[in-house]
Amino acid sequence: MQRGVVIIGAGHGGSQVGFSLRQEGYDGPIHLVSDEPDLPYHKPPLSKAYLKDQSQDVQILRAEKAYADARIELALGRKIEAIDRQAQAIRFADGATLPYDRLVIATGASNRKLALPGHDLAGLHSIRTRSDAAHLREAMQTAGDIVVIGGGFIGLEATATFAALGKRVTVIELAPSILGRAVSHLVAAHVDAEYRKLGIRVLTATGIERLEGEAGKVKAVRLSDGSAVPADLVVVGIGAAPNDALARDAGLACDNGIVVDATLATADPTIFAIGDVANFPHAQAGRRVRLESVQNASDQAKHVAKTIVGKPDDYRETPWFWSDQGHMKLQMAGLSFGADRHVRTGALGEPAFSVYHYAGDRLLAVDSVNRPGDHMVARRLIAAGISPSDADLAEGPDRLKSLIGR
Amino acid sequence: MSQVTFIERDGTRRIVEVVNGESLMQAGTRAGVDGIIGECGGSCMCATCHVYLTEDDFARLDPPDAMEQDALEFTASNQRPTSRLGCQVKLSAATDGLTVTVAEA
């Protein structure tokens with residue numbers, strides 16, 4: 001009997017796999033399993049539109065009807081205890097089992113937790129799921145002073161939301177710069193300056209000693225220099241770790257995520273991993289990466305569906321990311337590992353510009369601030385392996401468009 | 001209550017009651033219209049909510065801004081003169097009766 005495909009995790013990637021399998025003509029059973037109880041929904045708005053407006057519900061990825069029409073069986077709110085590779089089945093916490101011919105692990109990542117004295121006080125929040133964001137939205141209504149620990153995308157998106165709602169916000173970042181790992185220092189410096197203009201305190205190169213509370217609830221963040229920042233509420237955004245425990249326990253290789261080959265298969269030919277949890281060899285970067293993005297999850301879902309129906313190929317989509325932060329639209333194309341030259345276009349001091357990252361003459365990545373046209377062209381340039389010269393960049397968007405035949 | 005009609009790629013017509021203020025993409029995904037994906041959630045990044053309007057409907061809406069035009073030009077396949085990204089079309093009483101066709105993949 002055909003067991004079909006079981007997908008663990010119903011984020012952007014996991015939810016897409018079943019639909020892509022049907023598009024590829026797969027006709028067997030498909031089960032989509034998630035420990036979250038909700039119909040799969042968009043995660044990016046949780047730090048923005050959803051957080052800002054109490055009347056907003058989460059934005060579902062697809063109507064329930066779409067799963068039924070595609071004959072995708074939903075198993076929501078079900079916790080999985082183990083993957084039994086011998087039996088080719090997953091085992092739920094309640095003892096039930098579900099057999100598979102092919103298993104796709106799309107379990108995503110979890111927010112890293114603060115390891116400081118006071119980490120267990122009430123009033124500490126993070127943003128990952130609907131439930132996280134709902135709790136934060138409720139708690140922030142009565143908060144005047146908010147501290148955001150970690151100057152990465154999620155923390156800063158929440159910061160922009162808090163500021164728009166009139167909260168006093170302080171961002172505390174241990175590294176010398178916000179967005180240090182994510183974008184060019186030119187972009188980071190711009191974002192930092194824009195936030196300061198809005199009256200947000202941005203404390204970089206700043207360590208935290210402990211969180212201090214009163215009656216079990218956070219009241220202040222004590223910095224390494226001994227000073228205190230008042231806090232009615234603290235949001236922790238210090239990165240994420242891959243949810244690879246199920247794979248690890250099943251004996252699959254894990255190293256900063258589940259190790260897969262270029263077709264997204266693990267060493268077990270019946271098991272695949274995609275999205276935030278997958279550590280895969282990236283063709284263009286020439287190294288292994290684990291990417292946390294909607295684009296990566298969705299495109300790997302489409303790719304793994306092809307692999308499963310017998311059309312294996314190397315995954316080689318150009319990565320892209322975005323982060324909407326108040327009035328700033330940050331858009332990133334490609335990966336800048338190994339870049340040794342950075343060219344900024346757009347007049348200095350302008351609120352819209354792009355930074356082109358090169359290794360020698362080869363274009364690796366482009367970061368844009370409020371330049372969506374640059375970003376769209378950059379995706380095409382990088383995908384096609386076209387590297388504009390400095391003269392091309394100086395000539396402007398029309399020249400760059402002409403390089404991709406427009 | 002206003003309505004919008006989606007014509008799916010196989011010709012199926014789907015009439016959807018609109019929640020005021022939502023986008024064409026949100027209405028389509030909420031109703032499960034085949035071919036309206038909205039992968040990026042409405043950030044004008046992915047062009048998976050690409051639709052064709054009628055010429056009359058296209059003319060009566062505000063024109064696409066530069067960001068949408070770039071996304072259409074560089075990300076969408078099979079762009080036509082009346083192409084729009086559903087996530088950038090806000091629905092209201094004024095858009096009642098809109099008829100859109102899901103773009104070819």
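User: What is the hand of the crossing of α1(A) and α8(A), left-handed or right-handed, and what makes it so?

Analyst: Happy to start there, with the reminder that this is a predicted model. The crossing is right-handed. Helix α1, residues 12-23 of chain A, packs against α8(A) at an angle of about 35°, and their axes are 8 Å apart. The crossing gets its name because the near helix is turned clockwise from the far one by less than a right angle.

User: Which residues of α1(A) and α8(A) make this contact?

Analyst: On the α1(A) side they are His12(A), Gly13(A), Gln16(A), Val17(A), Ser20(A) and Leu21(A). The partners on α8(A) include Val294(A), Ala297(A), Ala301(A), Lys302(A) and Ile308(A). These residues count as contacts because C-beta atoms placed from the backbone lie within 7 Å.

User: What is the make-up of the contact of α1(A) with α8(A) by class?

Analyst: There are 8 nonpolar, 6 polar and 1 charged residues. Gly13(A) belongs to this contact, and Gly counts as polar.

User: What makes β22 and β24 of chain A the edges of their sheet?

Analyst: Look at the order first: the sheet is open and runs β22-β23-β26-β25-β24 in chain A, with antiparallel pairing. β22 (320-325) and β24 (341-345) each have a single partner strand, so one side of each has no neighbour in the sheet. On average, neighbouring strands here are turned by 15° against each other, direction ignored.

User: How do you know that β23 and β26 of chain A pair?

Analyst: Strand β23 (residues 328-334) and strand β26 (residues 362-369) of chain A are joined in the antiparallel sense over 5 bridges. The two strands count as paired because the rule asks for at least two bridges. Within this pair, Gln331(A) stands opposite Ser368(A).

User: What do domain 2 and domain 3 of chain A share by way of contacts?

Analyst: The domain assignment places domain 2 at 113-238 and domain 3 at 327-403. Their centres, taken over C-alpha atoms, are separated by 31 Å. Even so, 7 residues of domain 2 are in contact with 9 residues of domain 3. The domain 2 side of that contact has 4 nonpolar, 2 polar and 1 charged residues.

User: What scores does the model have?

Analyst: The model has ipTM 0.88 and pTM 0.95. For chain B, the mean pLDDT is 93, and 100% of its residues reach 70 or more.

Technical notes:
Residues numbered from 1 in each chain as written. Chains lettered and ligands numbered in written order. Predicted model: local features only at pLDDT ≥ 70, side-chain atom pairs only at ≥ 80, totals over all residues. Domains from an automatic or database assignment. Contact = placed C-beta atoms within 7 Å. Helix = DSSP H or I, 4+ residues; strand = E, 2+ residues; numbered from the N terminus. Axes fitted to C-alpha atoms, helices over the stretch in contact; angles between N-to-C directions. pLDDT = per-residue confidence, 0-100.
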